[in-house]
Amino acid sequence: MDRRCSSSADSRLTGREGCSINSTPICRRAESYEAKEMKCISDVRRTFCLFVTFDFLFITLLWIIELNVNGGIQKQLEKEVLHYNYHASFFDIFLLAVFRFVALILAYAVCKLRHWWAIAITTAVSCAFLIVKVILSKLLSQGTFGYLLPIVSFVLAWIETWLLDFKVLPQEAEDQNRYQCIVDAAERAPLVCAGPLSDGQFYSPPESAADSDEELDDKHDPEKGLIQRDLHF
């Protein structure tokens with residue numbers, strides 16, 4: 001009886017170990033996605049933020065080159081900043097790049113928004129401002145930079161929109177759905193494993209070691225066996 005109890009307990013323990021072993025790959029995948037979720041920022045979002053930084057730095061570089069080409073940085077800064085003229089200055093295009101950089105970094109790097117409304121605002125403001133400036137100002141008569149700065153600013157704003165709407169948000173949503181599926185599978189894994197086996201499925205040997213030893217003694221000593229049979233009767 002003790003052997004049956006011990007064998008049934010061992011079988012239950014083995015069943016639980018089997019369940020944990022079967023669910024180990026799922027648990028590992030869930031842990032990997034948990035580690036990814038715990039990261040400060042995802043890889044695609046970090047790429048987007050790097051491109052936003054590139055947008056700001058590239059527009060700043062072009063504006064500095066424009067200042068240096070048209071008569072020196074100090075002289076042109078006084079002309080375009082201190083004596084700002086909407087029809088002839090590139091300073092507002094630089095401020096527009098600063099506005100995009102600050103708004104998008106705050107929204108998608110600091111606040112980690114998962115919606116497109118922030119970049120929709122920055123792109124709409126950038127496009128409206130650039131179109132109106134090109135129509136009303138005299139930038140096109142100021143040489144190469146009169147074409148280059150508005151066009152580059154316009155294109156970069158739309159590339160940022162494309163990156164966020166078609167790369168960042170769908171990829172993060174897909175990762176979130178995959179993580180949720182793995183968590184659900186890990187929660188269901190113990191239920192799928194077989195339950196504890198009943199005691200009836202285990203059988204002890206028909207004869208114990210003590211009984212077999214007694215029978216061997218009886219064979220070697222027939223008189224002892226007869227005496228024990230008479231005592232039983």
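Modeller: Neighbours within four places in sequence left aside, Thr123 is in contact with Ala157, Trp158 and Thr161, where contact means heavy atoms within 4.5 Å. This is a predicted model, in which local features need pLDDT of at least 70, side-chain atom pairs count only at pLDDT 80 or more, and totals for chains, interfaces and linings use all residues. Residues are numbered from 1 along each chain as its sequence is written, and side-chain values use heavy atoms, with hydrogens and water left out.

Thr123 sits in helix H6, residues 117–136. Helices here are DSSP runs of H or I with at least four residues, strands are runs of E with at least two, and both are numbered from the N terminus. Thr123 has a relative accessibility of 5% and therefore counts as buried; the class means under 20% relative accessible area, with exposed over 50% and partly exposed in between, for a 1.4 Å probe and protein chains only. A polar atom of the Thr123 side chain lies 2.8 Å from the backbone oxygen of Ile119. That falls under the polar contacts, which are pairs of N or O atoms within 3.5 Å; within protein, one atom must be able to donate a hydrogen and the other to accept it, and residues adjacent in sequence count only if both atoms are side-chain atoms.

Next, the packing of H6. Its axis and that of helix H5 (residues 91–110) come within 9 Å and cross at roughly 175 degrees. Axes are lines fitted to C-alpha atoms, for helices over the stretch in contact, and the angles between N-to-C directions run from 0 to 180 degrees. H5 and H6 are therefore roughly antiparallel to each other; that label applies over 145 degrees, while under 35 is roughly parallel, 65 to 115 roughly perpendicular and the rest oblique. On the H5 side, the residues that meet H6 include Ile93, Leu96, Phe99, Ala103 and Ala107. Their counterparts in H6 include Trp117, Ile119, Thr122, Val125 and Phe129. By class, the residues of this contact are 13 nonpolar, two polar and three charged. Here Ala, Val, Leu, Ile, Met, Phe, Trp, Tyr, Cys and Pro count as nonpolar, Asp, Glu, Lys and Arg as charged, and the others, Gly among them, as polar.

Ala107 belongs to H5 and is buried, with a relative accessible area of 8%. Apart from its neighbours within four places in sequence, Ala107 is in contact with Lys112, Leu113 and Ala118. Between the C-alpha atoms of Ala107 and Trp117, which are ten residues apart along the chain, the separation is 9.7 Å. Lys112 lies in the loop between H5 and H6. Although Lys112 is not a glycine, its phi is positive, about 55 degrees. Lys112 counts as partly exposed, because its relative accessibility is 40%.

Phe154 is placed in helix H7, residues 144–192. With neighbours within four places in sequence excluded, Phe154 is in contact with Cys127 and Leu130. Phe154 and Phe129 are 25 residues apart in sequence, and their C-alpha atoms are 9.8 Å apart in space. At 32% relative accessibility, Phe154 counts as partly exposed.

Thr60 is found in helix H3 and counts as buried at 16% relative accessibility. A polar atom of the Thr60 side chain lies 2.7 Å from the backbone oxygen of Phe56. H3 (residues 43–69) packs on helix H4 (residues 73–82) at an angle of about 110 degrees, with the axes 7 Å apart. That makes H3 roughly perpendicular to H4. Residues making this contact include Trp63, Ile64 and Leu67 of H3 and Ile73, Leu77 and Val81 of H4.

Finally, the chain as a whole. It has nine helices and zero strands, and 29% of its 233 residues are buried. Of the contacts between residues at least 6 apart in sequence, 77% join residues at least 24 apart.
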